[in-house]
Amino acid sequence: MSPVIEEHTEARLITEATDTFTVPVDLRYDAGSDPRTVHVAFPGGTDWAFGRDLLEGGMRSPARSGAIRIWPLGRAQLVVEKHSADGVEVVQFDNASMIRFLHRIHDETSPEAAQAVTARA
């Protein structure tokens with residue numbers, strides 16, 4: 001059985017106004033569905049899907065793939081920007097939740113973890 005990793009966290013919506021809004025988001029990874037993709041699910045059913053490698057690269061330096069741009073903001077924050085016909089949406093995350101999410105993915109999908117799952121079956 002392929003692992004499904006979920007991490008519940010918060011993101012700050014960055015707008016042109018001086019106020020920012022914090023919203024709950026779910027980070028999701030499903031190795032059985034698409035092992036190269038992560039999802040960020042927002043309230044109301046909005047879901048951003050992009051490459052796991054893009055997220056990992058964007059944690060260290062600016063990275064871009066298609067409509068998604070990701071870059072670190074200092075040592076403790078991460079910015080994810082999505083371009084669409086409706087405009088640009090920008091959210092900011094604490095690195096701790098993203099690091100925890102990526103570590104869980106690596107722990108569950110490492111060859112050692114796959115061998116442990118096989119041994120239990």
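# Exercises on a predicted chain

Among contacts between residues at least 6 apart in sequence, 33% join residues at least 24 apart. The model is predicted. Work through the tasks below with the structure in view.

## Exercise 1: The overall plan

Task: Find how many helices and strands the chain has, and the pattern they follow along the sequence.

Solution. 
- Step 1. Count the elements. There are three helices and eight strands.
- Step 2. Read along the sequence. The pattern is β-β-β-β-α-β-β-β-β-α-α.
- Step 3. The C-alpha trace spans about 55 × 30 × 25 Å along its principal axes.
- Step 4. Of the 121 residues in the chain, 36% are buried.

## Exercise 2: Buried or exposed?

Task: Classify Ser97 and Ile99 as buried, partly exposed or exposed.

Solution. 
- Step 1. Place the residues. Ser97 is in helix 2 (residues 95–109). Ile99 is in helix 2 as well.
- Step 2. Recall the cut-offs. Buried means under 20% relative accessible area, and exposed means over 50%.
- Step 3. Apply them to Ser97. Its relative accessible area is 3%, so Ser97 is buried.
- Step 4. Apply them to Ile99. Its value is 39%, so Ile99 is partly exposed.
- Step 5. Check the surroundings of Ser97. Leaving out residues up to four places away in sequence, Ser97 touches Glu7, Thr9 and Leu27.
- Step 6. Ser97 and Gln77 are 20 residues apart along the chain, with C-alpha atoms 9.9 Å apart. Ile99 and Ser110 are 11 residues apart in sequence and 16 Å apart, C-alpha to C-alpha.

## Exercise 3: The nonpolar core

Task: Find which residues touch the most other members of the largest nonpolar core.

Solution. 
- Step 1. In soluble globular proteins, nonpolar side chains tend to be buried together.
- Step 2. Size the group. The largest nonpolar core has 26 residues.
- Step 3. Name the residues. Val40, Phe50, Leu55, Ile70, Val80, Phe93 and Phe101 touch the most other members.
- Step 4. Follow Phe101. Beyond its neighbours within four places in sequence, Phe101 contacts Ile5, Glu7, Leu27, Arg28, Tyr29, Val38 and Leu55.

## Exercise 4: The largest pocket

Task: Describe the lining of the largest pocket by residue, element and class.

Solution. 
- Step 1. Note the volume. The largest pocket holds about 200 Å³ of space.
- Step 2. Find the elements. Strand 1 (4–14) and strand 8 (87–94) are the elements that give two or more residues to the lining. Strand 8 gives the largest share, four residues.
- Step 3. Go to the centre. Of the 13 lining residues, Leu13, Trp48, Glu89, Val90 and Val91 lie nearest the centre.
- Step 4. Sort by class. The lining has nine nonpolar, two polar and two charged residues.

Methods. Residues are numbered from 1 along each chain as its sequence is written. This is a predicted model: local features need pLDDT of at least 70, side-chain atom pairs count only at pLDDT 80 or more; totals for chains, interfaces and linings use all residues. Side-chain values use heavy atoms; hydrogens and water are left out. A nonpolar core is a set of buried Ala, Val, Leu, Ile, Met, Phe, Trp, Tyr and Cys residues joined through side-chain atoms within 4.5 Å. Buried means under 20% relative accessible area, exposed over 50%, partly exposed in between (1.4 Å probe, protein chains only). Contact means heavy atoms within 4.5 Å. On a 1 Å grid over the protein atoms alone, a cavity is a set of points where a 1.4 Å probe fits but cannot get out, and a pocket is an open set with protein on both sides within 12 Å along at least five of seven lines; lining residues have an atom within 4 Å of a point. Grid points are joined across faces, edges and corners, and a volume is the space filled by probe spheres set on the points. Ala, Val, Leu, Ile, Met, Phe, Trp, Tyr, Cys and Pro count as nonpolar, Asp, Glu, Lys and Arg as charged, and the others, Gly among them, as polar.
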